[in-house]
Amino acid sequence: MSSRMLPVPDGLDGMRVDAGLAKLLGLSRTVVAELAESGDVLLDGRPAGKSDRLSGGGLLEITLPEPANPVEVVAEPVAGMQILHDDDDIVVISKPVGVAVHPSPGWTGPTVVGGLAAAGLRIATSGAAERQGVVHRLDAGTTGVMVVAKSEHAYTVLKRAFKERTVDKGYHAIVQGHPDPTRGTIDAPIDRHPRHDYKFAVVQGGRPSVTHYEVVEAFRAASLTHIKLETGRTHQIRVHFSALRHPCVGDLTYGADPVLARHLGLNRQWLHAKTLAFAHPADGRWVEFESEYPDDLAKALEILRDESY
């Protein structure tokens, strides 16, 4: 066990203990609630319950459990994972659905890192053991193009590029209804959902999040949309379009119509990382990569097009 003492930032004044400490420490509210219930959270020397309120300037003392053993990377072939480009510094892949980028507690399915190891590809050793070489992520339910660093130099350069937003990330999404205007920018902060830890939401005081979009094809009940991300928050596209009341088709977590999802044969969100472009870490030349729609998304798009005529 390890103990940490820190003052309550003024920005968390009045916030519940579980919500405030989750934001402060980067833990889930469930974990913080368990710590509070175990008496491991003290506020000004007194045990604090998960629903107690924080006071700015107060003194927190938190006893944290020792970190769990690192999640092991298992070399396992990943069906459907395509290698789009491979050189000494980077490997660019098209990630299939149902594949996480790296191992994590509770995830038992295939991973990009494990698939690359099974293919005999060496990747950078920078980062946590289970996330070595990973410079950005896609949700397990989102398909498309992503890059993994193979050299230490590439890891450093690409991490900086993603942080400084010099990477051009292009997505295609089919969203319900018809966004108005058909071209615009969604600038709304995102953080953990206040009631459901497993998803995110637009919340006051969340992390700045900016999404640019343009409708490129309209159907009777949905729109194919080209999206450029300025920031890269978890579930950003899904959260932003849900907040506009135009959730990604098939995205039941964020309010999509289950009847339409079944009609189109979808059991996940219609969202695909279509293009990725950046300065190559070896020599700075601009490189661009593109991933084709997987079968389930292509079939759903075909149904929508057929029914619009």
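## Where domain 1 meets domain 3

Four residues of domain 1 make contact with six residues of domain 3. In this predicted model, the chain splits into domain 1 (2–64), domain 2 (70–164) and domain 3 (165–308).

How much area is buried between domain 1 and domain 3? The value is about 330 Å², with carbon and sulfur atoms giving 24% of that. On the domain 1 side, Lys23, Ser28 and Arg29 supply 89% of the area buried against domain 3, more than any other three residues.

## Polar and charged links

Let's look at what holds a place in this interface. One salt bridge is counted between domain 1 and domain 3. Lys23 forms a salt bridge with Asp191, and their closest N and O atoms are 2.5 Å apart.

The interface of domain 1 and domain 3 also has one residue pair in polar contact, with both residues at pLDDT 80 or more. Sorted by class, the side of domain 1 that touches domain 3 has two polar residues, two charged residues and no nonpolar ones.

## A closer look at His280

Now to another spot: His280 sits in the loop between strand 14 (271–279) and strand 15 (286–290). Is His280 buried or exposed? His280 counts as buried because its relative accessibility is 3%, and the cut-off for buried is under 20%.

The side chains of His280 and Asp87 are joined by a polar contact of 2.7 Å. Leaving out residues up to four places away in sequence, His280 touches Asp87, Asp89, Ile90, Arg285 and Val287.

Key:
Residues numbered from 1 in each chain as written. Predicted model: local features only at pLDDT ≥ 70, side-chain atom pairs only at ≥ 80, totals over all residues. Heavy atoms only, no water. Domains from an automatic or database assignment. Contact = heavy atoms within 4.5 Å. Buried area = accessible area lost by both parts, 1.4 Å probe. Salt bridge = Lys/Arg side-chain N within 4 Å of Asp/Glu carboxyl O. Polar contact = N/O pair within 3.5 Å; in protein donor to acceptor, adjacent residues only side chain to side chain. Nonpolar A, V, L, I, M, F, W, Y, C, P; charged D, E, K, R; others polar. Helix = DSSP H or I, 4+ residues; strand = E, 2+ residues; numbered from the N terminus. Buried < 20%, exposed > 50% of the residue type's maximum accessible area, 1.4 Å probe, protein only.
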